[in-house]
Amino acid sequence: MHRFWRKRYFQYTVALFGAFFIFLLPKWERDKKDTPSPRFLAGDTLSCIVFIQNSIAAKGYTLGYVYELFSNLDKSQMCYTDIQPQENYFASWVKLATGKTDFLVINAQRDTVPSIFQDEVVSSIPINPSEDIIVVEKDNYQLVQVFNHWYTFFKHTPEYKSLESKFFRSYRSMDQAAGMTGKHISPYDNLIKENSRILGWDWHLLASLIYQESKFKAGVSSRRGAIGLMQIKEAVAKKYGIDDIYNPGENIKAGTLHLNRLQRMYLKMGADSLNARQIAIAAYNCGEGRMSDCMSLASQESRNPLLWSDIKETIPLMKDEKYYNSPAVKYGRFKGKETLKYVEEIEKRYLKYIETAP
């Protein structure tokens with residue numbers, strides 16, 4: 001009888017271990033994949049320089065993706081990543097080598113490491129389908145290890161799938177919505193919808209203006225100092241309490257607040273909502289001083305300065321010396337062709353967006 005129970009006990013033990021490996025171990029492995037990485041960076045502030053192409057012709061939405069990716073890292077690790085786009089290529093590498101910045105985000109296919117730094121840096125696994133990577137100075141290799149660990153887990157989360165879909169899907173908005181299908185216009189649709197409420201606009205109109213300014217490229221900058229999605233100047237953004245104008249959310253907020261101020265100004269002058277909106281869009285392009293000249297000249301020429309249809313008939317006159325030297329004009333000659341085209345194209349694209357991306 002003793003041998004019987006010992007034998008039976010052994011069989012029960014084997015069966016129990018078998019059940020663990022068959023039923024419980026796979027679940028433990030699945031749960032393990034969703035376990036967040038330890039918060040090794042908690043309380044730290046990380047300095048990051050992103051190598052970007054600041055041309056409207058550049059492909060992809062790298063900068064916007066990087067901002068959202070590291071926002072997720074910050075939440076998970078309880079740290080803060082200060083992101084700055086590349087100002088000077090070589091100077092950025094010097095900052096990394098001298099410890100003035102913690103890491104660079106570069107493209108493994110497009111960007112090259114200067115020869116004098118090649119033996120001094122290590123890189124992460126690719127952080128997106130475009131093969132961007134982070135690069136750190138060798139003495140800071142633990143940062144790459146922490147990032148790789150976190151990113152490996154993050155790639156299995158719904159948040160990453162949403163992020164990847166948003167920034168790496170194909171958008172058909174490039175040619176004034178021609179051939180576009182589906183409800184998505186840009187990676188920033190949710191931000192645009194949220195900010196359009198400030199203006200009281202249909203979000204498609206604000207999306208059309210942003211496309212006109214930057215083609216939804218957050219890293220774009222102009223020779224005149226206009227930056228980001230809404231091509232807002234740093235000095236203008238600061239008036240609205242915004243410092244990081246490369247950040248897509250902050251840039252759209254600054255541009256929207258500026259548009260709202262212009263629109264409210266024209267409403268107070270007596271323009272109706274439609275005309276105040278159209279005049280504000282034009283002033284966003286040419287500046288409120290130029291628009292003031294256009295309105296003054298319209299009044300001088302017995303046109304209604306609060307009707308966009310009358311203002312746009314007046315604008316072509318401002319390249320004629322007879323008119324730009326008149327007392328109504330303070331800022332001199334103004335060709336105005338760009339501003340007229342700007343408003344026209346925004347309105348035309350807006351109608352197409354309504355049809356194709358309801």
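This is a predicted model: local features need pLDDT of at least 70, side-chain atom pairs count only at pLDDT 80 or more; totals for chains, interfaces and linings use all residues.
Of the 358 residues in the chain, 43% are buried. The chain is built with 14 helices and seven strands.

Ser-124 gives a look at the buried part of the chain. This serine is found in the loop that links strand 4 (121-123) to strand 5 (132-137). Ser-124 counts as buried because its relative accessible area is 8%, and buried means under 20%. Leaving aside residues up to four places away in sequence, Ser-124 is in contact with Ile-133, Ile-134, Val-144, Phe-147 and Asn-148. Two of these partners, Ile-133 and Ile-134, carry numbers that fall in strand 5 (132-137).

Over on the surface, a patch of positive charge brings together Lys-319, Arg-333, Lys-335 and Lys-337. One of its members, Lys-319, is placed in the loop between helix 12 (308-314) and helix 13 (321-324). With a relative accessible area of 47%, Lys-319 is partly exposed, since that value lies between the 20% limit for buried residues and the 50% limit for exposed ones. So both residues looked at here sit in loops, Ser-124 between two strands and Lys-319 between two helices, but Ser-124 is buried while Lys-319 is partly exposed.

How values were computed: Residues are numbered from 1 along each chain as its sequence is written. Side-chain values use heavy atoms; hydrogens and water are left out. Helices (H or I, at least four residues) and strands (E, at least two) are DSSP runs, numbered from the N terminus. Buried means under 20% relative accessible area, exposed over 50%, partly exposed in between (1.4 Å probe, protein chains only). Patches are made of residues with over 30% relative accessible area and no salt bridge: like charges are joined within 9 Å, nonpolar side chains (Val, Leu, Ile, Met, Phe, Trp, Tyr) within 5 Å. Accessible areas come from the Shrake-Rupley method with a 1.4 Å probe; for residues, only the protein chains shown count as cover. A salt bridge is a side-chain nitrogen of Lys or Arg within 4 Å of a carboxyl oxygen of Asp or Glu. Lys and Arg count as positive and Asp and Glu as negative; His and the chain ends are not counted. The place of a charge is taken as NZ of Lys, CZ of Arg, CG of Asp or CD of Glu. Contact means heavy atoms within 4.5 Å.
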